[in-house]
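These are notes for a colleague who is opening this entry for the first time. Please read them with the sequence and the structure side by side.

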Amino acid sequence: MPATGSRATEADVRSRTTLAAVLVVAVALVVAAVLLVLAVRSSLRDAAETTAEHRAGDLVAQVDAGRLPAPGEPDDEPDDEPDDVVWQVSGADGQVLAASRSLSGSIPPADGETVALRGGEHRYLVVTEDTAADGVVTVAVSLEDLDETTAALAVPLLVGVPLLLLVVAATTWLVVGRALRPVERIRTEVERISGSSLERRVPVPAGKDEIGRLARTMNQMLGRLQAASDRQQQFVADASHELRSPVASLRQAAEVAQAHPGALPEGELAATVGEEALRMQVLVDQLLVLARAGEGAPGLQRTDVDVDDLVLLHTRRGVEPSAEIDTTGVGPGRVHGDAVALAQVVRNLLDNAVRHADRRVVVGVRQQPDGVVLTVEDDGPGVPVAERERVFERFRRLDDARSRDAGGSGLGLAIVREVVATHGGSVELDSSPLGGARFVVRLPG
């Protein structure tokens with residue numbers, strides 16, 4: 001059924017496009033044909049009127065000279081077209097004094113108008129001029145040439161215009177159908193793509209036209225959707241794995257306490273529950289931070305934030321670190337950002353440095369013209385060059401057992417990169433002069 005509907009839609013598009021093209025061309029051709037016929041008729045009418053005026057002028061000159069033109073004079077009515085021009089001379093009282101030999105009846109004195117004469121097959125154009133004796137010279141010129149020329153034009157136009165419209169319709173139908181074939185192939189392939197088959201791609205036409213660009217853009221979109229789906233599936237799998245560990249510990253402690261009420265020392269069950277619950281809470285909180293950071297910058301509550309205050313506040317929060325934290329390099333530094341999210345960045349970097357340091361952690365904050373630079377470095381084992389990008393991936397640990405025992409969830413550095421990116425900044429990892437890792441965060445002002 002979907003294929004039938006798509007073919008019907010394609011036929012509708014072709015029909016509408018063809019109809020529109022035919023209508024536009026038909027209007028243009030009809031207007032052009034009418035203008036052509038009118039122009040030819042006007043030209044022939046002007047020529048007939050000029051002939052009549054010249055003839056009337058000659059007749060007036062003869063009458064004013066005191067001589068009535070004779071009907072049979074050779075210059076009066078040419079032998080080859082005896083009925084094309086007829087004339088009459090009337091006196092002041094309206095009586096016809098002289099007329100052409102072929103004229104039957106009289107010519108109405110309708111200057112500039114067309115009239116029908118007795119015995120004539122075509123209408124005549126009438127021109128009148130006054131004589132010196134208050135007489136009137138009337139000349140009528142046949143419009144036979146005008147009628148015959150109009151008829152000669154009408155036949156090819158009546159036949160040619162419909163034929164040309166048929167050619168336009170057929171050409172438009174074929175061209176539109178050929179142009180829509182790649183679109184139909186793209187639509188068919190997109191219809192087959194589902195959430196479990198995001199690896200499929202639409203066919204890309206060979207040309208570099210709009211349809212080709214559309215196909216390439218759709219493939220890029222499908223690539224982004226596939227990458228996002230893969231990341232989501234991996235994230236869900238990793239999160240499930242991380243949550244399984246504290247849940248299993250809680251269940252094990254509960255089962256032991258239920259099966260052997262006196263086996264656990266007093267308070268150990270409560271301590272185990274509290275510790276594992278805290279791990280789960282930290283993990284869930286970090287997952288929520290990542291989810292909010294992934295929604296983009298519009299969700300941030302931006303204010304002026306003193307980064308140096310965030311650093312000093314975290315180092316004095318009352319927790320005894322396992323390493324000395326040197327804050328002598330912390331200077332004033334203010335950015336425009338989300339205070340809660342930036343505090344999470346500072347906290348995660350310091351916790352990571354303390355976790356891996358042997359004895360010392362050095363923190364620095366510098367104000368620069370384009371923003372603030374935050375550095376956190378330690379004297380621990382450092383991070384190999386090949387692993388420096390991987391540490392920012394979610395749930396990525398270089399030493400799983402040691403990180404888990406130290407309380408790490410594998411999300412801290414991923415949160416750092418996400419939050420810094422939503423603020424338009426960057427984070428880099430290189431070697432520290434102390435021998436360990438050195439994180440450099442650049443935040444725009």
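Why is helix H8 (residues 412-422) largely enclosed by the rest of the structure? Eight of its eleven residues are buried, so the rest of the structure encloses most of H8. Buried means under 20% relative accessible area, exposed over 50%, and partly exposed in between (1.4 Å probe, protein chains only).

The model is predicted: local features need pLDDT of at least 70, side-chain atom pairs count only at pLDDT 80 or more, and totals for chains, interfaces and linings use all residues. Residues are numbered from 1 along each chain as its sequence is written, and side-chain values use heavy atoms, with hydrogens and water left out.

1. Helix H8. The buried residues of H8 are Gly-412, Leu-413, Ala-414, Ile-415, Val-416, Val-419, Val-420 and Thr-422. Just after the helix, Gly-424 takes a positive phi of about 80°. Helices (H or I, at least four residues) and strands (E, at least two) are DSSP runs, numbered from the N terminus.

2. The aromatic pair. A search of the whole structure turns up one aromatic pair. Phe-392 and Phe-439 form this pair, which is edge-to-face, with 6.1 Å centre to centre and 85° between the planes. Phe-392 lies in the loop between strand S10 (371-378) and helix H7 (400-405), and Phe-439 in strand S12 (residues 437-444), so the pair ties together parts that are 47 residues apart in sequence. Both Phe-392 and Phe-439 are buried. For this search, rings of Phe, Tyr and Trp (its six-membered ring) pair if their centres lie within 6.5 Å; planes under 30 degrees apart count as stacked, over 60 as edge-to-face and the rest as tilted.

3. Arg-417 and its two contacts. The charged end of Arg-417 sits over the ring of Phe-392, 4.2 Å from the ring centre. The rule here is that NZ of Lys or CZ of Arg is within 6 Å of the ring centre and within 35 degrees of the ring normal. The side chain of Arg-417 also meets that of Glu-389 in a salt bridge (3.0 Å, N to O). Glu-389 is exposed at 53% relative accessible area, whereas Arg-417 is partly exposed at 28%.

4. Other salt bridges. A salt bridge is a side-chain nitrogen of Lys or Arg within 4 Å of a carboxyl oxygen of Asp or Glu; by this rule there are 13. One of them joins Arg-334 to Asp-306, with the closest N and O atoms 2.8 Å apart. That pair connects distant parts of the chain, strand S8 (residues 334-338) for Arg-334 and strand S6 (residues 302-306) for Asp-306, 28 residues apart. Arg-334 is partly exposed, with a relative accessible area of 47%, and Asp-306 is partly exposed, with 24%. Another salt bridge is formed by Glu-428 and Arg-442, at 3.5 Å between the closest N and O atoms. Glu-428 lies in strand S11 (residues 426-431) and Arg-442 in strand S12, so this pair ties together parts that are 14 residues apart in sequence. A network of salt bridges links Glu-184, Arg-187 and Glu-191.

5. The five-stranded sheet. An open sheet of five strands has the order S2-S1-S5-S4-S3, and its pairing is antiparallel. Its edge strands are S2 (96-99) and S3 (114-115), each of which pairs on one side only. Strand S1 (residues 85-90) runs antiparallel to S2 and is joined to S2 by three bridges; two strands pair if DSSP finds at least two bridges between them. Ser-90 stands opposite Val-96 in S2.

6. A backbone point to check. Most residues other than glycine have a negative phi. Asp-134 has a positive phi of about 65° although it is not a glycine. Asp-134 is placed in the loop between strand S4 (124-130) and strand S5 (136-142), and is exposed, with a relative accessible area of 61%.

7. A nonpolar surface patch. Val-27, Val-30, Val-31, Val-34, Leu-35 and Leu-38 make a nonpolar surface patch of about 530 Å². Val-27 lies in helix H1 (residues 2-64) and counts as exposed at 53% relative accessibility. Patches are made of residues with over 30% relative accessible area and no salt bridge: like charges are joined within 9 Å, nonpolar side chains (Val, Leu, Ile, Met, Phe, Trp, Tyr) within 5 Å. Accessible areas come from the Shrake-Rupley method with a 1.4 Å probe; for residues, only the protein chains shown count as cover.
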